[in-house]
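Here are my notes on the aromatic side chains. Please read them with the structure open.

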Amino acid sequence: FAPQICDIWKAMSKEEQVAATDEELVRIAELKEMKKTTAHSVALNAFHDARASLASVQSQLESLHNRTGLEMLLLGVRSDAQAVSCPQVWTSGDVVDEFFQLTNKMSISDYAVKFECYCLSGIQGTAKTYETELMALKSKTSKLITEKLHEAVAPRSVSKMFYTNFDAHITEKFGVVVVNWPLPHFVAPGSIGSRLELQTLYNAWSSGSTHFRSLSQSEAETW
């Protein structure tokens, strides 16, 4: 069968050969590209891929170091608990190891183990979620307080809520004070880093426990 194919191929013009193989070549190129970029579903394949790729990168970095004298650090760890590779560390020389030990109070190998634990733990996702929720709570609390202020000074208008020099910007101009501020310090929600304190502040304003109150005429005169 192969000789017959060979004869047919030789009898074809160059254009016919290109037309006959062009689609298949495109498919092969796509498969090669997919192999490069698609995440491995089999842990063993991923292990061999990582080991071979890192060895290639390390070889290139060693050559670069020898040519230029650049000092470098290569660090690779798992982000999937199903993977079978161990932390990979390469340095261009002792100076990198010594600097790392001096500045971080631990060896690069120990750091790699800690880094891998962090990547496997999912803590980074939790931290991002916490930060996102904290920012949302800050924004929600700030908006609520500003809305309460607008209600308190109506029909007059105020551009924004002031926390620094509140007396001069708000009380003196609008005759309004804050009653029962629940936190130790009178600061903007955006300056509060504790989620518990932010939630306490939001709940206090939302329930009305903390509120703005207009001074009576006699209070305003005394103030």
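Predicted model: local features only at pLDDT ≥ 70, side-chain atom pairs only at ≥ 80, totals over all residues.

1. Phe186 comes out as partly exposed, at 28% relative accessibility.

2. The structure has 7 aromatic pairs. In one of them, Phe166 and Phe212 are stacked. Their ring centres are 6.4 Å apart, with 15° between the planes. This pair links distant parts of the chain. Phe166 belongs to helix H7 (residues 166-174) and Phe212 to strand E4 (residues 211-214), 46 residues apart. Both Phe166 and Phe212 are buried.

3. Trp181 and Phe186 also pair, here edge-to-face. The centre-to-centre distance is 4.5 Å, and the planes are 65° apart.

4. Which residues do ring pairs link into a cluster? They are Tyr163, Phe166, Trp181, Phe186, Trp205 and Phe212.

5. Tyr202 has a charged neighbour over its ring: Lys140 lies over the face, at 4.5 Å from the ring centre.

6. Now the surface. Tyr111, Phe115 and Tyr118 form a nonpolar patch there. Together they have about 260 Å² of accessible area. Tyr118 sits in helix H5 (residues 108-121). Its relative accessibility is 37%, so Tyr118 counts as partly exposed.

Conventions:
Residues numbered from 1 in each chain as written. Heavy atoms only, no water. Phe/Tyr/Trp six-rings, centres within 6.5 Å; stacked < 30°, edge-to-face > 60°. Helix = DSSP H or I, 4+ residues; strand = E, 2+ residues; numbered from the N terminus. Buried < 20%, exposed > 50% of the residue type's maximum accessible area, 1.4 Å probe, protein only. Lys NZ or Arg CZ within 6 Å of the ring centre and 35° of its normal. Patch = residues over 30% accessible without salt bridge, like charges linked within 9 Å, V, L, I, M, F, W, Y side chains within 5 Å. Areas by Shrake-Rupley, 256 points an atom, 1.4 Å probe, with all protein chains shown as cover. Salt bridge = Lys/Arg side-chain N within 4 Å of Asp/Glu carboxyl O.
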